[in-house]
Amino acid sequence: MSVHDELTSVQRSLDELFRSLGRLEKQLGTGGLEMRRVRADANHLRESVALLRDVAATPAAPKRPDLVTISDAPYDPSLWVDSDDEGLGARDRRAP
């Protein structure tokens, strides 16, 4: 199935969920915390599916990584003053 078909199937399932919730609310009432939480969760699902539809509708442009130019000039030696050699420690001390 295509993404569009899958999203349509999910939307139909959500519509059925909302119909079932409506019938359930008629039986249990809308005042309970549990019913409000289920209704809020269902609304969040509906919003999420709408966002997915928007993303699926717009084709993603291929993302090209930003290029970084690295100079061939040598680094300034002052950058390495008081630095430790990896795994060897400081120059004026012995490794343990």
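Me: How many aromatic pairs does the rule give?

Reply: The count comes to zero aromatic pairs. To pair, rings of Phe, Tyr and Trp (its six-membered ring) need centres within 6.5 Å; planes under 30 degrees apart are stacked, over 60 edge-to-face and the rest tilted. The model is predicted, with local features needing pLDDT of at least 70 and side-chain atom pairs 80 or more, while totals for chains, interfaces and linings use all residues. Residues are numbered from 1 along each chain as its sequence is written, and side-chain values use heavy atoms, without hydrogens or water.

Me: What makes Arg46 a charge over the ring of Phe18?

Reply: Arg46 lies over the face of Phe18, at 3.8 Å from the ring centre. The rule asks for NZ of Lys or CZ of Arg within 6 Å of the centre and within 35 degrees of the ring normal.

Me: Which secondary structure does the chain have?

Reply: The protein chain has two helices and zero strands, taken as DSSP runs numbered from the N terminus (helices H or I, at least four residues; strands E, at least two). Gly29 follows α1 and has a positive phi, near 90 degrees.

Me: How do you know that the span of α2 agrees with its number of residues?

Reply: The expected span is 1.5 Å times one less than the number of residues. For the 25 residues of α2 that gives 36 Å, and the end C-alpha atoms are 36 Å apart, so the two agree. The 26 residues of α1 should span 38 Å; the end C-alpha atoms of α1 are 36 Å apart, which also agrees.

Me: Why is Glu25 called buried?

Reply: Glu25 has a relative accessible area of 18%, so it is buried; the label means under 20%, with exposed over 50% and partly exposed in between (1.4 Å probe, protein chains only). Glu25 belongs to helix α1, where Leu7, Gln11, Leu14, Phe18 and Leu21 are buried as well. In α2, the buried residues are Met35, Arg39, Ala42 and Val49. Buried residues are 11% of the 96 in the protein chain.

Me: What covers the buried residues of each helix?

Reply: For α1, the cover includes α2; for α2, the cover includes α1.

Me: What makes Arg39 and Glu25 a polar contact?

Reply: Their side chains are joined at 2.7 Å, and the limit for a pair of N or O atoms is 3.5 Å; within protein, one atom must be able to donate a hydrogen and the other to accept it, and residues adjacent in sequence count only if both atoms are side-chain atoms. Arg39 and Glu25 are 14 residues apart in sequence, with C-alpha atoms 9.5 Å apart.

Me: Which other residues does Arg39 touch, leaving out those up to four places away in sequence?

Reply: Besides Glu25, Arg39 touches Phe18, Leu21 and Gly22, where contact means heavy atoms within 4.5 Å. With the neighbours within four places left aside, Glu25 is in contact with Thr30, Met35 and Arg39.
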